[in-house]
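Here are my notes on this model. Please read them with the structure open beside you.

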Amino acid sequence: IDQSPLSNDTMISTINRSLMPEGNISLELDMSIPIRNPEHKLKINGNMNFQNASIQSNEVDLELTGLSGDLIFTESSLTANDLDAVYDNATVTLDISGSKFNNTFPANITLSGNADSVFISKQLNKYLPNSSEGIKNITTNLSGYTNWDASIIYSKDSDNKELQRQLIIKSNLIGLELNLPQPLTKKGYESTSLYFSKHLGSGNDNYITFNLGNIYTTFAYKYSPSRELQNISISTNNRNTPSFNEAGIYISGNYDSIDTKELLSLLTSKDINKDKKTSLPVNVDIKASKLLYLGQVFKDISIKGKTDQNYDWDYVLDSKAIKGTLKVAKIKNEGTHVIADLEHLLLTSNDSSNEYSIDPSQLPTLFANVKKFNYNSLDLGTLTLTALPSGSGLLIEEFTFRKPQLHIQATGKWSKNRYTGSMSKFF
């Protein structure tokens with residue numbers, strides 16, 4: 001191809017540079033060159049047959065082995081259907097199509113196959129650099145197999161001189177179970193669309209799009225050889241793009257259900273930027289129909305929050321059941337402290353069989369001041385609470401209610417018995 005007039009065609013020469021075949025390859029070529037009649041056009045019919053060959057592409061870090069099948073090309077088109085190959089120890093199918101008469105998308109190279117959690121982890125680490133710890137936290141909670149296809153789509157630039165290249169990966173994730181916190185959880189039989197997009201070529205790949213269902217995520221990287229992760233934007237609004245000037249993880253939008261504790265443990269891994277061993281600051285501005293936190297379900301809630309330089313959380317919460325500020329801090333040698341300063345808090349008791357029932361032994365140190373506390377529709381006035389982790393539960397050092405003509409003060413322990421459920425003892 002390089003030694004023929006085909007090298008003058010932008011589409012064919014670009015694909016030829018992108019895919020470098022090696023191995024057992026045979027070529028049948030019928031070429032008609034109009035030497036005596038230059039007004040006639042060049043005619044080419046070629047058949048390139050691969051038998052256990054290989055292909056490499058440096059621009060997407062792609063290597064295919066065991067390649068078998070036929071590539072048909074003419075002076076204006078390329079076609080290859082259902083070529084068999086092996087990619088990262090997985091059997092895949094390769095399809096190539098292209099036509100110089102398509103002025104918008106003149107070429108398309110597509111791989112398709114099945115993937116398990118190991119395969120997915122490899123691909124995410126490859127295409128989302130410096131995110132290995134966060135990816136590990138996610139992929140360890142995947143199980144099953146799912147179908148996928150990955151395409152390199154070629155499009156013409158405004159000058160029609162160069163072909164732009166975009167990598168797009170798609171899947172419906174049927175067969176793959178996501179044992180992740182809400183809103184990322186998914187059963188194996190459910191269909192959830194996955195979409196990954198990345199522009200290829202130097203200077204074009206600083207933004208990566210990764211969408212799961214109606215959750216849209218954008219990764220932004222610095223223009224540097226180290227490919228340092230600068231921003232992650234997670235939103236239910238697909239037009240939300242992070243500010244490239246301010247590093248951080250930005251979470252926004254409207255969500256049906258959120259499991260706060262487990263979700264934040266994924267987002268605030270200390271090694272999300274592995275090279276620097278630091279976490280990106282996290283900013284939250286969301287609304288949730290249902291939010292699970294400390295064993296309680298809060299409905300129709302607005303949450304605004306961010307992490308500080310020590311990766312401690314500051315929240316502002318607003319709903320009918322809870323309103324005020326919440327600080328979640330990790331204290332050296334003391335674990336997590338939750339400090340609440342609330343205008344009102346309306347709680348209900350949980351049945352021990354309920355899926356949201358609390359295990360007191362899993363709760364952190366709690367400090368709370370509530371101006372208006374209501375429990376099971378009973379107005380108890382103001383609440384002051386100090387509780388410390390102790391063995392199988394919480395040691396309650398202060399538990400005080402105050403309102404006109406009522407003052408209740410107690411200490412005690414809140415524990416969970418595996419036979420009878422949660423149990424409290426006060427003195």
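The points below run from the overall fold to single residues.

1. **Ground rules.** This is a predicted model, in which local features need pLDDT of at least 70, side-chain atom pairs count only at pLDDT 80 or more, and totals for chains, interfaces and linings use all residues. Residues are numbered from 1 along each chain as its sequence is written, and side-chain values use heavy atoms, with hydrogens and water left out.

2. **Overall make-up.** The protein chain has four helices and 26 strands. Both are DSSP runs numbered from the N terminus: helices are H or I with at least four residues, strands are E with at least two. Of the 427 residues, 44% are buried. Buried means under 20% relative accessible area, exposed means over 50%, and partly exposed lies in between (1.4 Å probe, protein chains only).

3. **Contacts along the chain.** Take contacts between residues at least 6 apart in sequence: 44% of them join residues at least 24 apart. A contact here means heavy atoms within 4.5 Å.

4. **Core.** The largest nonpolar core holds 94 residues. Such a core is a set of buried Ala, Val, Leu, Ile, Met, Phe, Trp, Tyr and Cys residues joined through side-chain atoms within 4.5 Å. Leu64, Leu94 and Phe298 have the most contacts inside this core. Strand β17 (residues 282-293) gives the largest share of the core, six residues.

5. **Leucine 94.** What does leucine 94 touch, leaving aside its neighbours within four places in sequence? Its contacts include Ile55, Leu64, Leu67 and Ala80. Asn81, Asp82 and Leu83 are also among them, as are Ile109, Thr110 and Leu111.

6. **Aromatic pairs.** There are seven aromatic pairs in the structure. Rings of Phe, Tyr and Trp (its six-membered ring) pair if their centres lie within 6.5 Å; planes under 30 degrees apart count as stacked, over 60 as edge-to-face, and the rest as tilted. Phenylalanine 373 and tyrosine 375 are stacked, because their ring centres are 6.5 Å apart and their planes are at 20°. Phenylalanine 373 is buried at 5% relative accessibility, whereas tyrosine 375 is partly exposed at 34%.

7. **Backbone points to check.** Aspartate 300 is not a glycine, yet has a positive phi of about 45°. It sits in strand β18 (residues 296-307) and is exposed, at 61% relative accessibility. Serine 377 also has a positive phi, near 70°. Serine 377 lies in the loop between β22 (365-375) and β23 (378-390). Its relative accessible area is 72%, so serine 377 counts as exposed.
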